[in-house]
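Dear colleague,

Please find below the structure that I am handing over to you. My findings follow directly after it.

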Amino acid sequence: MEQYHTLADKTMEDLLGTLEELLDSEEDTGYEVDYHSGVLTLNLGSHGTYVINKQPPNKQIWLSSPLSGPQRYDYNEETGEWFYSRDGRTFDGLLSEELSNIFAQPIKIRV
């Protein structure tokens, strides 16, 4: 369980830093990112709100996307990535794709 917390905490902190940099580079969008008590909220105004949180009992990270809905990510030790078992997509891959569409520019999320 300790390994899960270490991995999940690092993922959430890296994601927060990446999203803060992204929002800082945009002009007066009114978008906000917030992280408290293991829950990261990314408010993108009319595009909706992402909610990302740790789920220690399942050793997962849960993502609620305004575009693709709810998803639960497990960590793959071999690849070092969080993946969604239903479609095999990675956590950072999905976020990169969706945020690139919202911001109308290539965005690469790496966690």
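How many bridges join strand β4 to strand β5, and in which sense do the two strands run? Strand β4 (residues 60-65) and strand β5 (residues 69-76) run antiparallel and are joined by six bridges. Two strands are taken to pair if DSSP finds at least two bridges between them. Helices (H or I, at least four residues) and strands (E, at least two) are DSSP runs, numbered from the N terminus.

Two remarks on the basis of these findings are in order. The model is predicted, so that local features need pLDDT of at least 70 and side-chain atom pairs count only at pLDDT 80 or more, while totals for chains, interfaces and linings use all residues. Residues are numbered from 1 along each chain as its sequence is written, and side-chain values use heavy atoms, with hydrogens and water left out.

The sheet

The sheet is open and consists of six strands in the order β1-β2-β3-β4-β5-β6, with antiparallel pairing. Its edge strands are β1 (32-36) and β6, each of which pairs on one side only. Neighbouring strands are turned against each other by 20° on average, direction ignored. In general, strands of a sheet pair through backbone hydrogen bonds, either parallel or antiparallel.

Strands β1 and β2 pair in the antiparallel sense over five bridges, and Y35 stands opposite L40 in β2. Two residues lie between β1 and β2 in this hairpin, and S37 in the turn has a positive phi of about 55°. The hairpin of β4 and β5 has three residues between its strands; here S65 stands opposite G69 in β5. Strand β5 also pairs with strand β6 (residues 81-84), in the antiparallel sense and over four bridges, with Y75 opposite W82 in β6. Four residues separate β5 and β6 in their hairpin, where G80 in the turn has a positive phi of about 70°.

The helices

Helix α1 (residues 2-25) and helix α2 (residues 91-103) pack at an angle of about 15°, and their axes are 13 Å apart. Axes are lines fitted to C-alpha atoms, for helices over the stretch in contact, and angles run from 0 to 180 degrees between N-to-C directions. The angle makes α1 roughly parallel to α2 (under 35 degrees counts as roughly parallel, over 145 as roughly antiparallel, 65 to 115 as roughly perpendicular and the rest as oblique).

T11, L15, L19, L22 and L23 of α1 meet F91, L95, L99 and F103 of α2 in this contact, where contact means heavy atoms within 4.5 Å. Eight of the residues in the contact are nonpolar, one is polar and none is charged. In this division Ala, Val, Leu, Ile, Met, Phe, Trp, Tyr, Cys and Pro count as nonpolar, Asp, Glu, Lys and Arg as charged, and the others, Gly among them, as polar.

T11, in helix α1, counts as buried because its relative accessibility is 5% (buried means under 20% relative accessible area, exposed over 50%, partly exposed in between, with a 1.4 Å probe and protein chains only). Residues up to four places away in sequence not counted, T11 touches I61, W82, F91 and V111.

G38, in the loop between β1 and β2, is buried as well, with a relative accessible area of 18%. Apart from its neighbours within four places in sequence, G38 is in contact with M12, I52, N53 and K54. G38 and Q55 are 17 residues apart in sequence, and their C-alpha atoms are 8.9 Å apart in space.

S65, in strand β4, is buried at a relative accessible area of 6%. It touches Y50 and E98, leaving out residues up to four places away in sequence. S65 and E77 are twelve residues apart along the chain, and 25 Å separates their C-alpha atoms.

With kind regards
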